[in-house]
Amino acid sequence: MMTGLVNKIIPFSSVDGPGNRTAIFLQGCNFNCIYCHNPETINICGNCGTCITACPSGAITKNNGEVFWDKSKCCNCDSCIKTCNNSSSPKISKMSVDDIINEINNYKPFIQGITVSGGECTLQEDFLFHLFTKIKSLGLTCFIDSNGSKDFKEMPKLLEVCDSVMLDVKAFDNTIHNKYISFDNANVLSNLEFLASIGKLYEVRTVIVPELFNNEETVRKVSEIINKYDSNIRYKLIKFRNLGVRQSLKLHPTPSDEYMNTIKSIAEEGGCKNIIIV
């Protein structure tokens, strides 16, 4: 039976696509963003056991060399995540497609669909395809929240059952992208054009990080590409916030409202008509 590595499921979300949606976060990411707000989703648990002694409720044990998390005992203090040196979490569930369907059936009447995020959910491409196929049979829509690292042109079966994609574009300049994201951005920019050209790009998001990134260049270039295909594709400009980030950026400044409005003006000049600041 095919299973996916699930970090968490949020039954109701209004910020992960249109309408009220269930957001499913899969474990594992091939990016290493300097400003990552959920670094515990990056790596798979290495079973070192450091988190066991950190857990105040005895919810984490080791069985046959593997770390085991007992959800029923967990007090959600996240001490295990805070003590992990591997950008991971022991609180991961192996779930089958039917496991997720059974959970979604509890609140299906109240949602328009699901959005699968991460980590980077397309790293579990086959699992996504089977999940979306079953979700579509329930009359729900399926969205992908992606960092764009994998080429969507090479995932035609998944795209066929995916209604739309929410794409992160972190930095347009590849040197900056490699420096602060630890990954090449060629596929990201290729996906931006491709998904927009086939009408499967719901939203583009850029985190505005002052001082480190060339935010103006990224927003200008991305806006021009959006406008080239559909100026009504939503462009979400996200304020960098230093809550929950790694130690190196704990004191890094949040961009001012004035600066965010300047960035928004650049997007408008590029032709975007649907811009929001969060």
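The legends below go with a set of close-up views of a predicted model.

Local features are taken at pLDDT of at least 70 and side-chain atom pairs only at pLDDT 80 or more, while totals for chains, interfaces and linings use all residues. Numbering starts from 1 along each chain as its sequence is written, and side-chain values use heavy atoms, with hydrogens and water left out.

View 1. D145 sits in strand β7, residues 141-146; here helices (H or I, at least four residues) and strands (E, at least two) are DSSP runs, numbered from the N terminus. With 9% relative accessibility, D145 counts as buried. The cut-offs run like this: buried is under 20% relative accessible area, exposed is over 50%, and partly exposed is in between, using a 1.4 Å probe and protein chains only. The side chain of D145 makes a polar contact with the side chain of R205 at 2.4 Å. A polar contact here is a pair of N or O atoms within 3.5 Å; within protein, one must be able to donate a hydrogen and the other to accept it, and residues adjacent in sequence count only if both atoms are side-chain atoms. Leaving aside neighbours within four places in sequence, D145 also has D16, T115, V116, S117, E120, C121, M166 and D168 among its contacts, where contact means heavy atoms within 4.5 Å.

**View 2. E203, with two arginines on its side chain.** E203 belongs to strand β9, residues 201-208, and is buried, at a relative accessible area of 0%. Its side chain makes a polar contact with the side chain of R234 at 2.6 Å, and another with the side chain of R205 at 3.4 Å. Setting aside neighbours within four places in sequence, E203 is in contact with V165, M166, L167, I233, R234 and K236.

**View 3. R21 and a pair of backbone oxygens.** R21 is in strand β2, residues 21-26, and counts as buried at 0% relative accessibility. Polar atoms of the R21 side chain pair up with backbone here: the backbone oxygen of I114 is 2.9 Å from one such atom, and the backbone oxygen of P18 is 3.1 Å from a polar atom of that side chain.

**View 4. I104 among aliphatic side chains.** I104 lies in helix α3, residues 97-104, and is buried, with a relative accessible area of 1%. Beyond its neighbours within four places in sequence, I104 touches I24, I111, I114, I135 and L140.

**View 5. Helix α7 against helix α8.** Helix α7 (residues 186-197) and helix α8 (residues 215-229) pack at about 20 degrees, with axes 9 Å apart. Axes are lines fitted to C-alpha atoms, for helices over the stretch in contact, and angles run from 0 to 180 degrees between N-to-C directions. The two helices are therefore roughly parallel: angles under 35 degrees get that label, over 145 is roughly antiparallel, 65 to 115 roughly perpendicular and the rest oblique. The contact is made by L192, E193, A196 and S197 of α7 and V222, I225, K228 and Y229 of α8.

**View 6. Helix α8 against helix α9.** The axes of α8 and helix α9 (residues 257-269) come within 8 Å and cross at roughly 30 degrees. That makes α8 roughly parallel to α9. On the α8 side, N215, E216, V219, R220 and S223 meet Y259, I263, I266 and A267 of α9.

View 7. Most residues other than glycine have a negative phi, and most peptide bonds are trans. A cis peptide bond joins G118 and G119, with omega about 10 degrees, and G119 is in the loop between β6 (113-117) and α4 (125-137). N76 is not a glycine, yet its phi is positive, near 60 degrees; N76 lies in the loop between β4 (66-69) and α2 (79-83) and is exposed, at 56% relative accessible area. E211 has a positive phi too, about 75 degrees. E211 is in the loop between β9 and α8 and is exposed, with a relative accessible area of 68%.
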